[in-house]
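Here's a protein model to explore together. Have a look at the chain before reading on, and keep it in view as you go.

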Amino acid sequence: MGELSFRELRRGSGSSSTIKRRGSIVIVDSVVLKDVWNNLDQRYNGRGELVSDEPPHVNFDNETVLVVLRGEFTAGGYGIEVMRVIEEDSRILVQAKGTGGIGMTTVMSYPYQIIAIATPPGLKPLEVELVR
C-alpha cells in the first residue's frame, strides 16, 4: 500500500480529439494504446492526410496505462494533471486536478493526460478523483 510511481506519456488539449467525454480509460495492451493515442489528438500532414503517430513503449507486464479525460470546454487554456497515484486495499486511487481556466482562444478542447502506472493491469480497479 502507499504511493505508486507513474510516468507521463502525453498530455494535450485534445482540440482535434474524437474522444470528447469526461472520465478515464484503462489501457492494457499496445493495440488499444495506439488507437486511443491517435484519436486523442489527430494529426494531419500538409496534404490533409491523417498521420499515424507511434506511442512510446509500454511494458504491459509491469505497467497499466490510464487516460484521464477532463471533458469538453468551449475555449483553450484548460488542462488536467495527475498529482498522485495511491494503492489502497481494494483500489488504486488516481488524484488529478484541473488546470488553467483563462480560456484565451475560442476553440473546442478536450484536455487529457496519459500516464503509465507501475503496476500490472487488472490487479485492482482504478478510480480517478478530481482534487482542488
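**Charged partners**

Let's start with Glu127, which is partly exposed, with a relative accessible area of 35%. A quick word on that label: buried means under 20% relative accessible area, exposed means over 50%, and partly exposed is anything in between, using a 1.4 Å probe and protein chains only. Before going further, note that this is a predicted model, where local features need pLDDT of at least 70 and side-chain atom pairs count only at pLDDT 80 or more, while totals for chains, interfaces and linings use all residues. Residues are numbered from 1 along each chain as its sequence is written, and side-chain values use heavy atoms, with hydrogens and water left out.

So who does Glu127 pair up with in a salt bridge? Its partner is Arg91, and the N to O distance is 2.7 Å. A salt bridge here is a side-chain nitrogen of Lys or Arg within 4 Å of a carboxyl oxygen of Asp or Glu. Arg91 sits in the loop between β7 and β8 (92-100), whereas Glu127 belongs to strand β10 (residues 126-130), so this pair ties together parts that are 36 residues apart in sequence.

Through shared partners, salt bridges join Glu88, Arg91 and Glu127 into one network.

How many salt bridges are there by this rule? The count comes to eight. One of them links Glu49 with Arg47, whose closest N and O atoms are 3.0 Å apart. Glu49 is partly exposed, with a relative accessible area of 39%, whereas Arg47 counts as exposed at 66%.

Now find Glu81, in strand β7 (residues 78-87). With 28% relative accessibility, Glu81 counts as partly exposed. Leaving aside neighbours within four places in sequence, Glu81 is in contact (heavy atoms within 4.5 Å) with Arg11, Gln95, Ala96, Lys97, Thr99 and Gln113. What separates the C-alpha atoms of Glu81 and Met108? They are 19 Å apart, and the two residues are 27 residues apart along the chain.

Conventions: Helices (H or I, at least four residues) and strands (E, at least two) are DSSP runs, numbered from the N terminus.
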